Amino acid sequence: MPVPPEMTALLTSRNIVASYLPIGGEADPALIAAACAAHGATLCLPHIVSKTGALRFLAWSHDDALHDGPLGLRQPPDGARALAPDIVLTPLLGFDRYGNRLGQGAGHYDRAFADAPDALRLGIAWSVQEVDDLPVDAWDMPLHGIITENGWINPEIMR
């Protein structure tokens with residue numbers, strides 16, 4: 001996934017950026033995470049212990065060992081330092097131009113967004129995952145931006 005200039009403009013050396021390792025056909029944010037690290041940002045990855053448990057973001061760098069977690073995740077070990085991200089790169093199953101997202105359905109990111117409402121929420125997806133309109137529940141928090149292989153989508157201008 002290429003790094004759009006809009007993303008680069010957001011980065012500072014003080015950022016904590018939550019990335020993820022893709023599962024199945026999810027869009028891979030590796031180039032974006034590498035660009036964040038090159039700007040001096042601290043990276044973290046999601047960590048869960050069960051399908052219904054909380055999602056935490058634990059410190060991670062490319063040289064750190066990962067462990068198998070539930071739901072097919074590769075994640076940092078339990079003892080890694082928990083971080084509060086400024087930017088959350090979020091895997092998507094689907095999205096619309098209003099910033100609504102469809103995830104895996106377990107609610108991990110919904111709960112993480114509620115716990116960190118000031119974090120910048122950026123969806124990472126393939127352009128073919130875009131739909132005209134997604135249903136929205138009361139707990140859904142829209143994305144601030146979406147990055148596809150075709151570039152940056154700014155939901156704010158669609159509202």
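**Exercise 1. Aromatic pairs**

Count the aromatic pairs in this predicted model and classify the pair of Phe-57 and Tyr-109.

Solution.
1. The count comes to 2 aromatic pairs.
2. For Phe-57 and Tyr-109, the ring centres are 6.4 Å apart and the planes stand at 55°.
3. Centres within 6.5 Å make a pair, and planes under 30 degrees apart would count as stacked, over 60 as edge-to-face. The angle here is 55°, so the pair is tilted.
4. Phe-57 belongs to strand β3 (residues 56–59) and Tyr-109 to helix α3 (residues 108–115), so the pair ties together parts that are 52 residues apart in sequence.

**Exercise 2. Burial and surroundings of the rings**

Decide whether Phe-57 and Tyr-109 are buried or exposed, then state which aromatic cluster they belong to.

Solution.
1. The cut-off for buried is under 20% relative accessible area.
2. Phe-57 has a relative accessible area of 7% and is therefore buried. Tyr-109, with 11%, is buried too.
3. Together with Phe-113, Phe-57 and Tyr-109 form one aromatic cluster.
4. Phe-113 also has a charged neighbour: Arg-121 lies over the face of its ring, 5.7 Å from the ring centre.

**Exercise 3. Enclosed space**

Find how many cavities of 30 Å³ or more the model has, and describe the lining of the largest cavity by residue class.

Solution.
1. The count is 1 cavity of 30 Å³ or more.
2. The largest cavity holds about 40 Å³ of space.
3. Its lining consists of Asn-100, Arg-101, Asp-110, Val-136, Asp-140 and Met-141.
4. By class, the lining divides into 2 nonpolar, 1 polar and 3 charged residues.

Notes: Residues are numbered from 1 along each chain as its sequence is written. This is a predicted model: local features need pLDDT of at least 70, side-chain atom pairs count only at pLDDT 80 or more; totals for chains, interfaces and linings use all residues. Side-chain values use heavy atoms; hydrogens and water are left out. Rings of Phe, Tyr and Trp (its six-membered ring) pair if their centres lie within 6.5 Å; planes under 30 degrees apart count as stacked, over 60 as edge-to-face and the rest as tilted. Helices (H or I, at least four residues) and strands (E, at least two) are DSSP runs, numbered from the N terminus. Buried means under 20% relative accessible area, exposed over 50%, partly exposed in between (1.4 Å probe, protein chains only). A charge sits over a ring if NZ of Lys or CZ of Arg is within 6 Å of the ring centre and within 35 degrees of the ring normal. On a 1 Å grid over the protein atoms alone, a cavity is a set of points where a 1.4 Å probe fits but cannot get out, and a pocket is an open set with protein on both sides within 12 Å along at least five of seven lines; lining residues have an atom within 4 Å of a point. Grid points are joined across faces, edges and corners, and a volume is the space filled by probe spheres set on the points. Ala, Val, Leu, Ile, Met, Phe, Trp, Tyr, Cys and Pro count as nonpolar, Asp, Glu, Lys and Arg as charged, and the others, Gly among them, as polar.
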